[in-house]
Amino acid sequence: MCCAGITNYLFHKLRKYTCGLAGRESDADMSLKQGSGTGKVHFGGLDDVSLYGTPVEPAPPAPDAKQGFLRNQLQALFQPTDNKLAMKLFGSKKALMKERIRQKAAGHWVIHPCSSFRFYWDLCMLLLLVANLIILPVAISFFNDDLSTRWIAFNCLSDTIFLIDIVVNFRTGIMQQDNAEQVILDPKLIAKHYLRTWFFLDLISSIPLDYIFLIFNQDFSESFQLLHAGRALRILRLAKLLSLVRLLRLSRLVRYVSQWEEVYFLNMASVFMRIFNLICMMLLIGHWSGCLQFLVPMLQGFPPNSWVAINELQEAFWLEQYSWALFKAMSHMLCIGYGRFPPQSLTDMWLTMLSMISGATCYALFLGHATNLIQSLDSSRRQYREKVKQVEEYMAYRKLPREMRQRITEYFEHRYQGKFFDEELILGELSEKLREDVINYNCRSLVASVPFFANADSNFVSDVVTKLRYEVFQPGDIIIKEGTIGNKMYFIQEGIVDIVMANGEVATSLSDGSYFGEICLLTNARRVASVRAETYCNLFSLSVDHFNAVLDQYPLMRRTMESVAAERLNKIGKNPNLVAHREDDTTSEGNTINAVVNALAAEAEHVSLSDDSVARLSERSLGLALQPLQAASCRMAGVALPGLGVAAALPRPKSEHDFSSAQAQQPPLAATAAFHKSDAGIAP
Ligand code: CMP
């Protein structure tokens with residue numbers, strides 16, 4: 001061994017030296033050759049960090065024998081693997097690699113808590129613990145074969161495994177609660193920590209106190225010959241009681257389960273896992289209580305006034321005895337009754353009280369947990385109810401009139417639909433990319449229904465939708481007041497609004513997919529008309545700052561909007577030249593836009609056909625006009641016109657001319673902006 005060690009050392013030194021001379025390539029070569037023995041490739045460098053900053057595992061010493069190979073395999077089992085627990089603790093593979101190096105440095109035979117070995121060991125221990133905690137009380141209470149080979153073998157085997165568990169615990173690194181990233185790997189510190197915490201409980205529950213007691217009881221072997229003699233019986237009973245100490249293993253079960261729960265069931269599953277654990281714990285305590293109900297009278301020799309004697313169960317089959325005992329315990333625990341008969345003896349009464357107290361405590365815990373869990377399951381609904389309750393109290397406090405209260409309640413119902421989320425807070429906690437994706441997804445129906453978006457560059461759409469704010473208006477609400485200075489425009493996701501003139505006449509109506517309030521932002525003047533909600537309106541608003549910021553980047557979209565605005569102004573008898581740039585717009589792209597807009601207007605004016613027909617007609621007549629626009633769109637960021645582009649995508653407007661009788665009197669429009677679903681068909 002000593003020789004092999006020296007050879008290894010020399011080999012290492014030589015390797016370092018040659019690597020230093022030949023550079024990194026030869027270093028890798030060397031490691032490759034070395035690693036081939038274990039089937040692994042190690043790119044060992046001069047230090048612990050590779051060129052890319054990734055920590056590198058030191059190459060293992062040259063495998064000199066099979067023994068070395070086995071040792072390596074075993075040590076690999078003790079190292080942290082990239083399982084869920086490790087990833088949660090260290091976050092990245094790089095950190096995990098560092099931890100492996102640290103674990104190696106900590107010395108051989110220290111088991112990392114995130115290693116595969118510990119995972120499988122814990123799993124086995126969990127199964128053994130459950131088996132122990134169920135079988136032990138039944139065997140102790142209902143069977144008298146304490147000294148049978150079967151029972152002794154079972155106890156010896158499980159005790160041995162639990163004692164080995166203590167040894168394993170002494171060599172397992174410790175995850176600290178406060179400093180989760182730093183796992184204690186120093187054997188001395190591990191031992192100190194374990195001795196201070198669970199060691200004694202684990203030890204007491206693992207050593208076979210009952211057998212030790214029997215062995216050390218000098219007279220036992222003689223007394224055993226006369227088993228019916230009083231002393232021998234007493235000794236056996238005491239040993240039985242001592243064997244109950246094994247039930248302290250429950251502490252280990254609780255520890256293992258809570259550790260697993262934390263790592264493997266973090267999300268929704270954890271809610272159900274906690275309920276499941278609680279139910280299991282209640283059943284286990286019920287099982288123990290049932291066994292205790294029988295054990296105590298049995299140790300007393302079944303006095304005639306004990307419940308076992310009253311029920312004549314002394315000689316019954318163990319399953320019958322157990323069933324009655326469990327029934328009695330459950331009746332107490334759930335505070336439903338006393339079983340078949342109320343307690344007659346003092347011992348029975350005390351036992352009943354004990355199980356009543358434990359049952360009531362468990363029941364209270366269960367109710368508390370279950371209520372908590374149910375509440376956390378539907379927290380948004382609960383928050384909504386709380387919010388509504390608060391609003392109701394506020395309305396009462398402010399003595400608001402009945403009609404206003406009604407409107408507020410209806411607003412809440414429509415706006416939040418029974419669930420309350422702090423959307424801004426939730427989205428604010430996401431990464432920028434994720435936030436953008438979520439907002440784009442949320443606005444997909446708006447984008448699909450607004451032709452202005454449907455035909456626009458996806459970057460433009462994304463830029464706009466990330467800046468939109470959802471707003472809800474009720475029927476009759478004045479969304480925009482004529483003559484005021486506006487600071488936002490709106491896109492209609494759902495609902496109908498009326499454009500109302502100064503004289504109270506309704507100029508037109510807009511519905512899903514339309515937008516309004518843009519003229520004021522384009523002209524920097526006052527609102528040219530009032531806008532009133534006819535039905536419940538789900539709108540998205542865009543503030544003036546965002547409006548300008550986005551349109552500055554996409555000039556073609558600004559011009560498109562200006563074209564629509566000019567037509568709108570024209571329609572309500574105002575000067576279309578109010579809209580800036582419009583007159584100066586003599587570029588080829590501008591002309592193309594106008595050509596398309598005019599052509600579409602002509603189509604819409606003369607033909608009143610179904611959506612499909614309009615699309616087909618547009619396709620035919622606008623084919624030529626669109627080609628330059630498509631080319632223009634490529635040059636100027638803004639409108640994207642895949643295939644047929646604008647005209648083909650133009651659906652016949654929903655809100656075309658049915659909402660307002662006043663529209664019938666309007667003169668035919670010279671040109672109608674085709675980017676606006678509702679506007680496209682303003683013509684009679
Ligand atoms: P703004 O002036 O900011 O506020 C009132 C809005 O009503 C106006 O912008 C337009 O968006 C809208 N509007 C005015 N006239 C019409 C019209 N003829 N057709 C559609 N919308 C209009």
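Predicted model: local features only at pLDDT ≥ 70, side-chain atom pairs only at ≥ 80, totals over all residues.
Residues are numbered from 1 along each chain as its sequence is written. Local features need pLDDT of at least 70, side-chain atom pairs count only at pLDDT 80 or more, totals for chains, interfaces and linings use all residues, and side-chain values use heavy atoms, with hydrogens and water left out.

**Stop 1: the cores**

Select Phe 452, Phe 453, Phe 460, Ile 479, Phe 491 and Phe 516. Of the 50 residues in the largest nonpolar core, these touch the most other members. Such a core is a set of buried Ala, Val, Leu, Ile, Met, Phe, Trp, Tyr and Cys residues joined through side-chain atoms within 4.5 Å. Buried means under 20% relative accessible area, exposed over 50%, and partly exposed in between (1.4 Å probe, protein chains only). Helices (H or I, at least four residues) and strands (E, at least two) are DSSP runs, numbered from the N terminus.

Next, pick out Ala 139, Phe 162, Leu 247 and Tyr 256. They are among the 20 residues of a second, separate core.

**Stop 2: Phe 491 and the sheet**

Go back to Phe 491. Leaving aside neighbours within four places in sequence, its contacts (heavy atoms within 4.5 Å) include Leu 446, Val 450, Ser 514, Asn 538 and Phe 540. Tyr 515 in strand 8 stands opposite Phe 491.

Two strands pair if DSSP finds at least two bridges between them; strands 5 and 8 are joined by 2 bridges.

**Stop 3: the largest pocket**

Select Arg 415, Glu 423, Leu 427, Tyr 470 and Phe 540. Of the 31 lining residues, these lie nearest the centre of the largest pocket. The lining divides into 11 nonpolar, 9 polar and 11 charged residues. Helix 18 (402-416), helix 19 (423-428) and strand 10 (537-543) are among the elements that each supply at least two lining residues.

**Stop 4: two loops**

Find Gln 417, in the loop between helix 18 and helix 19. Its phi is near 50 degrees, positive in a residue other than glycine. At 58% relative accessibility, Gln 417 is exposed.

Finish at Phe 302, in the loop between helix 13 (268-299) and helix 14 (307-310). Phe 302 is not a glycine, yet has a positive phi of about 50 degrees.

Methods. 1 Å grid on protein atoms, 1.4 Å probe; cavity = no way out; pocket = protein on both sides within 12 Å on 5 of 7 lines; lining within 4 Å. Nonpolar A, V, L, I, M, F, W, Y, C, P; charged D, E, K, R; others polar.
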